[in-house]
Amino acid sequence: MKAAVLHAPNEPLTIEEVTLQKPRAREVLVRTAYAGLCHSDLHFIEGLYPHPLPTVPGHEVAGVVEAVGSDVTYLAPGDHVIGCLSVFCGACMQCTSGRTVLCENTEVKMVPGQSRRLSWKGGEVMHQFLNLSAFAEQMVVHENALVKIDRDVPLDRATLVGCGVITGVGAVINTARIPAGSTVAVIGCGGVGLSAVNGAALAGASRIIALDTLPEKLELAKEMGATDTVLVGNDDPVQAVRDLTGGGVEYSFECLGLKVTAEQSFAMLKPGGTATIVGMVPFGQKIELHGFDFLRERRIQGSSMGSNHFRTDMPRLLRMWQQGRLKLDHLISSKLKLAEINDGFARLKGGHVVRQLIEFG
């Protein structure tokens, strides 16, 4: 099969012939339909996060089951599925306490470099990325990395739910659990940030302030439910939020993964507020906060993939889209062929697109 391969940080991906093993016990072969270009992939491509190389990146994905290995009971050939990097075992302490997103079983949620499902050049190891490797015509994954969806849901829309939407909406509803009437600020209006805005609207927030450096992103945020926008430039975004709210918001969501915006998300809280860091701050980078602010019971927390229970959450989100409550159509900027993937990442880095989808024939 053809796949996009990362050989070294900050080098273009190359299209290679890669071999997949047949699905073994509890594994599933999926024909990829669409894969989204996500900033998380870009972090690894740029070397901001380490990963064994060479690897086939990609993790936001939907497709159709082609074959299943032994002991698979949840899926059958022909099923439409969404992949999720939050693969779970269902038996470890985290899973049985309801936090499947933090599964600790490395036999199922394999650490980088452990998988041997991919190979190339007649047998050399090609590393699987986050237990998925979506920038390929096919994937072999554990059955617990997939959720079955209704066949009447378009697979391009379903792909968006696999990472960006579940991460943004989930951070608001699952991680922060904002109550109705809350005041909210969302920093960064890419796919994740816009989904956080939409999640805040679904949760009944009374004030949703979207912050970004690009006017077109703020216009999209209004369509997703933002009540106010702040164009970040020369003015202090923290002061702008405080001025709009008379002292700060109850909940803030950092959706860029930058040190400065993580610190700003904490600074724009009113006393008793909670900041949730959704973006991937570069590996090894530290965040500095004023100790005094903790005396006013301000809190800061992380969110991994929207604290999802993806087999429950993703079908629910798609039903909300079918009802017109969740907005997915606004997120798709364009569709590309696999050979155009480097151009797509260049546009993503420029910030003027939301979600580009690789469309597999």
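Reader: Which residues does the UniProt annotation "domain: Enoyl reductase (ER)" cover?
Author: In the unreviewed UniProt entry, that annotation covers residues 8-354, with positions given in the numbering used here, feature names shortened, and the caveat that annotations may be inferred rather than shown by experiment. This is a predicted model, in which local features need pLDDT of at least 70 and side-chain atom pairs count only at pLDDT 80 or more, while totals for chains, interfaces and linings use all residues. Residues are numbered from 1 along each chain as its sequence is written, and side-chain values use heavy atoms, with hydrogens and water left out.

Reader: What is the helix and strand content over residues 8-354?
Author: That stretch is 28% helix and 25% strand, and its end C-alpha atoms are 25 Å apart; helices (H or I, at least four residues) and strands (E, at least two) are DSSP runs, numbered from the N terminus.

Reader: What order do the strands take in the open sheet?
Author: The order of the four strands is S3-S8-S9-S5, with mixed pairing, where two strands pair if DSSP finds at least two bridges between them. Strand S3 (19-20) and strand S5 (55-56) are the edge strands, each pairing on one side only.

Reader: And how do S3 and S8 pair, parallel or antiparallel?
Author: S3 and strand S8 (residues 118-120) pair in the antiparallel sense over two bridges, and Thr-19 has Ser-119 in S8 as its bridge partner.

Reader: Is Cys-89 buried or exposed?
Author: Cys-89 is buried, with a relative accessible area of 14%, and Cys-103 counts as buried at 8% (buried means under 20% relative accessible area, exposed over 50%, partly exposed in between, with a 1.4 Å probe and protein chains only).
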